[in-house]
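This report is an introduction for a reader who has not seen the structure before. Please look at the sequence and the model first.

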Amino acid sequence: MKTHVLVATLVGGIFGFLMGWLVYGIALMDFYNANAIAYEGLMKAEPSYIAIFLSCVCWAWLFALVFDKWAGIRDFKSGMMSGMMITLPIVLSMDIYFYGTMNLWSDKLLVVDVIVGVVFNGIVAGVVGLLLGKLNKSQG
């Protein structure tokens, strides 16, 4: 794999992890807690931050691969818009599936989670696109 894709993946993953802590762990925590149905044992007492970080790296990796190999995206705006288009059907599909199969979320949380997930991942994708542009210039 190309060095610039690896760097964009890692930095994008770190950015997504830190932004997730701010968005989900601080700004929206009370909203999610108020609109999700809690079951004994459902949530871990302490989340696995390594697993959360690896999830963020996987999202950044998806964007870096698609942007570098097929889309040629090298800026924030194109990265963000494309990231939102890639993310929308994935997040919508997952959230609707969870909503249809589990008693975990309110209707309101379903809608908010899709919107937040799409915008959140769009910003991460924008950062990945920007990094790919900057890293390609420095290598070329």
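## Helix 4 and helix 5

The model is predicted. In it, helix 4 spans residues 76-101 and helix 5 spans residues 107-139. The two pack with their axes 7 Å apart, at an angle of about 150°. An angle over 145 degrees counts as roughly antiparallel, and helix 4 and helix 5 are therefore roughly antiparallel to each other.

Their crossing is right-handed. The residues of the contact between helix 4 and helix 5 comprise 16 nonpolar, 7 polar and 3 charged.

## The largest nonpolar core

The largest nonpolar core has 17 residues. Within this core, the residues with the most contacts are A8, F63, F67, V128 and L132. Helix 1, helix 3 (49-71) and helix 5 are the elements that each give two or more residues to the core. Helix 5 provides the largest share, 8 residues.

In soluble globular proteins, nonpolar side chains tend to be buried together.

## Contacts of F63

F63 is among the core residues with the most contacts inside the core. Leaving aside neighbours within four places in sequence, F63 is in contact with G83, I86, T87, N121, V124, A125 and V128.

## T9 in helix 1

T9 lies in helix 1, which covers residues 3-27. The relative accessible area of T9 is 7%. Buried means under 20%, so T9 is buried.

Not counting residues up to four places away in sequence, T9 touches V57, A60, W61 and A64.

Notes. Residues numbered from 1 in each chain as written. Predicted model: local features only at pLDDT ≥ 70, side-chain atom pairs only at ≥ 80, totals over all residues. Heavy atoms only, no water. Axes fitted to C-alpha atoms, helices over the stretch in contact; angles between N-to-C directions. Helix = DSSP H or I, 4+ residues; strand = E, 2+ residues; numbered from the N terminus. Parallel < 35°, antiparallel > 145°, perpendicular 65-115°, else oblique. Left-handed = near helix turned anticlockwise from the far one by under 90°. Nonpolar A, V, L, I, M, F, W, Y, C, P; charged D, E, K, R; others polar. Buried < 20%, exposed > 50% of the residue type's maximum accessible area, 1.4 Å probe, protein only. Contact = heavy atoms within 4.5 Å. Core = buried A, V, L, I, M, F, W, Y, C linked by side-chain atoms within 4.5 Å.
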